[in-house]
Amino acid sequence: MIKHMRLATLIGAFFFGILAMLSAQTHQERVTIEGAFQPSIRDFEKQFVMPQTPENTFPPPDTTISRLERVIGHRAELELLSPLAFRSGRKAEGYSNFLMAGLGSRLSPLFLYGHSSALSRDTRFGLTLAHQSTWTELTDYAPSDYMNNDFGISLDHNFSDHQLSTNLTYQMDAYRYYGFKPVDYPNTFFDKQDLKQTYQNIGFTADLISTRQRLGYLNHIIEVDYHYFFNNDQTKEHQIKLDGDFSMQFDWFDFEGEQVIGIEAGGDFYHNNDSLQSGSHILASALPYLRLKGSFYQLKLGLRINYQPDLNTAFWWYPVIRGNLYLLDKKLEFYAGTDGGIKRINYLDLTENNPWINPIVPLGWENQRFSFDAGVRAALSSSLDLHAGVRFEETSNSPFYVIDTLMPFQNSFTLVYDGMNHFSFLAEAAWKPTEKWQLEASLTWNQYTTDSLPEAWHKPAFIFNLDAYWTAWKNLTLNGGMLLRGSQQVPVYTNGVESATTLDGITDIYLGADYFFSPALTAYAKFDNLLNQKYLLYQNYPAYGLEFRAGIKVRF
């Protein structure tokens with residue numbers, strides 16, 4: 001821990017030195033621009049519009065396929081329906097409804113409906129409905145059909161000096177533990193219903209944000225998040241999270257720019273019970289901070305304090321230092337920062353990543369003792385955005401998926417915990433050479449070192465994504481891309497002896513097309529998993545092969 005404090009001190013001194021040099025410049029010498037550049041590869045279209053000024057952080061590692069898409073690799077579209085026009089007092093333009101409906105060659109219906117409308121000048125209502133399922137089965141494996149359902153309603157209101165956003169959601173997912181071949185168990189009978197698992201989640205979130213900005217005013221953001229999660233095996237989980245950010249602008253230092261002192265505070269409550277046990281757990285946190293922001297720099301200094309009584313030490317401290325330096329009219333950004341903190345390993349998040357987890361698993365607290373990230377973002381032309389960064393994390397009690405060998409078919413997962421050092425390199429690029437072409441790519445390379453485990457189980461060596469969009473003709477848009485995921489090490493057990501084996505990497509290619517009959521009506525077609533590979537998503541769980549999908553999109 002001492003070496004981490006030394007590193008944090010050096011980084012802080014580095015950024016203070018930069019600010020000292022910058023504050024010596026005159027106002028005429030300083031670069032002025034509205035908003036800081038921060039590429040967001042997932043929101044490609046937004047990169048070439050006026051960017052906002054979010055606090056820059058290194059993206060979290062993403063080693064899984066998203067919930068609605070994990071089995072077949074399909075990337076469901078989300079259409080914006082003039083979502084927040086009311087906030088600026090402008091009349092919402094565009095369509096209020098979006099409907100997407102289609103069918104796949106594996107009897108895979110897809111339905112997505114979104115509605116957004118202004119109830120008044122300051123109030124907006126939203127509704128979403130989604131369904132995706134597959135009713136065919138994989139050859140040689142146990143029954144493998146699945147179903148995802150989503151329902152959500154939102155209500156946003158703009159007060160004179162506050163914004164309130166609320167959202168109520170319900171999710172119901174059904175899967176089967178199909179990760180075995182029945183021919184390998186000729187003397188064991190099983191019923192299809194015995195393999196079924198259903199997850200349900202009822203959630204509510206509310207955010208209250210103050211919009212008044214002036215010296216001496218206490219700006220605040222208050223967030224409430226509640227989830228009730230349960231399955232059909234008596235596993236239940238309640239989550240309540242309350243977070244707040246309270247800050248005030250001041251004018252203590254003799255230089256131009258924003259000067260803010262504040263505190264982030266939060267409290268988490270979890271109650272878990274299954275067929276064997278139950279228990280309640282809490283986490284309290286506070287982060288007092290100082291934030292300085294000018295036309296070409298941003299600096300945040302703080303100390304994160306976590307209180308978690310289940311750990312061997314209840315109180316934990318983590319230095320928080322984050323700095324950004326903008327050059328060339330904010331077309332070039334350097335960033336670096338340190339942080340840390342404790343988070344709960346909860347059943348809701350686990351099933352989002354791996355739906356074939358055992359109904360009874362050990363839950364705990366992961367402690368990110370120290371993290372450091374640094375990188376550079378560049379927008380050296382109006383058509384090219386680049387980002388490269390590195391990150392190092394030292395964690396204790398990190399979870400790893402392993403096959404539960406106590407189950408008769410060895411078709412579900414449990415967790416083992418271990419300390420880990422994780423180094424990652426991230427490279428992202430977004431290129432829009434013409435109005436007809438869009439390309440985006442990202443590469444994450446990982447290196448893991450565990451304390452006790454022989455390998456970091458189910459952690460990929462790298463992940464590469466490539467997506468391309470081409471407006472071939474006035475009414476026709478083609479799209480395609482690929483997902484490459486590196487090999488993973490997983491444990492196998494022979495006569496009670498553990499050894500490591502390798503899951504091969506993933507190559508998933510898709511091709512699609514959209515034909516616009518009018519601005520309100522579009523027909524689409526898509527080939528998923530074009531190479532028809534039955535790669536393993538997790539140990540013993542192959543993906544579906546080639547699938548063709550087609551349908552329509554309607555806006556009204």
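This is a predicted model: local features need pLDDT of at least 70, side-chain atom pairs count only at pLDDT 80 or more; totals for chains, interfaces and linings use all residues.

**Entry 1: the overall count.** I started with the protein's two helices and 26 strands. Residues are numbered from 1 along each chain as its sequence is written, and side-chain values use heavy atoms, leaving out hydrogens and water.

Entry 2: Of the 556 residues, 46% are buried. I took buried as under 20% relative accessible area, exposed as over 50%, and partly exposed as in between (1.4 Å probe, protein chains only). The accessible surface is about 26,900 Å², and 60% of that belongs to carbon and sulfur atoms. Those areas come from the Shrake-Rupley method with a 1.4 Å probe, where only the protein chains shown count as cover for residues. I also checked contacts, meaning heavy atoms within 4.5 Å. Among contacts with a separation of 6 or more, 60% are between residues 24 or more positions apart.

**Entry 3: the cores.** Which residues have the most contacts inside the largest nonpolar core? They are Tyr199, Leu350, Trp356, Ile357, Tyr401 and Phe413, in a core of 29 residues. A core here is a set of buried Ala, Val, Leu, Ile, Met, Phe, Trp, Tyr and Cys residues joined through side-chain atoms within 4.5 Å. At least two core residues come from each of α2 (347-353), β15 (384-403), β16 (413-431) and β24 (536-538). Helix α2 gives the most, with three. I noted a second, separate core of seven residues, including Phe400, Val402, Leu453 and Trp457. In soluble globular proteins, nonpolar side chains tend to be buried together.

Then I zoomed in on Tyr199. Leaving aside residues up to four places away in sequence, the residues it touches include Tyr175, Tyr177, Phe229, Phe230 and Ile357.

Entry 4: Phe111, Leu129, Phe151, Leu168, Tyr170, Ile202 and Phe204 make a nonpolar surface patch of about 520 Å². Patch residues have over 30% relative accessible area and no salt bridge; like charges are joined within 9 Å, and nonpolar side chains (Val, Leu, Ile, Met, Phe, Trp, Tyr) within 5 Å. Strands β5 (162-176) and β6 (196-210) each give two or more residues to this patch. Phe111 sits in strand β2 (residues 108-120) and is partly exposed at 32%.

Entry 5: Is β14 (residues 365-381) largely enclosed or largely open? Twelve of its 17 residues are buried, so the rest of the structure largely encloses it. Strands count as paired if DSSP finds at least two bridges between them. β14 runs antiparallel to β13 (residues 332-344), with twelve bridges, and Glu333 stands opposite Arg377. β14 is also antiparallel to β15, again with twelve bridges, and Ala378 has Leu386 as its bridge partner there. A hairpin with two residues links β14 to β15.

**Entry 6: another hairpin.** Strands β20 (residues 488-494) and β21 (residues 497-503) pair antiparallel over seven bridges, with Tyr493 opposite Glu498. Two residues lie between these strands, and Asn495 in the turn has a positive phi of about 55°.

**Entry 7: salt bridges.** I counted 16 salt bridges, using a side-chain nitrogen of Lys or Arg within 4 Å of a carboxyl oxygen of Asp or Glu. Glu137 pairs with Lys192, with the closest N and O atoms 3.4 Å apart. Glu137 is in the loop between β3 (123-134) and β4 (146-158) and Lys192 in the loop between β5 and β6, so the pair ties together parts 55 residues apart in sequence. Glu137 is partly exposed at 37%, and Lys192 is partly exposed at 34%.

Lys343 and Glu366 also meet in a salt bridge (3.6 Å, N to O). Lys343 is in β13 and Glu366 in β14, so this pair ties together parts 23 residues apart in sequence. Glu366 is buried at 12%.

Technical notes
Helices (H or I, at least four residues) and strands (E, at least two) are DSSP runs, numbered from the N terminus.
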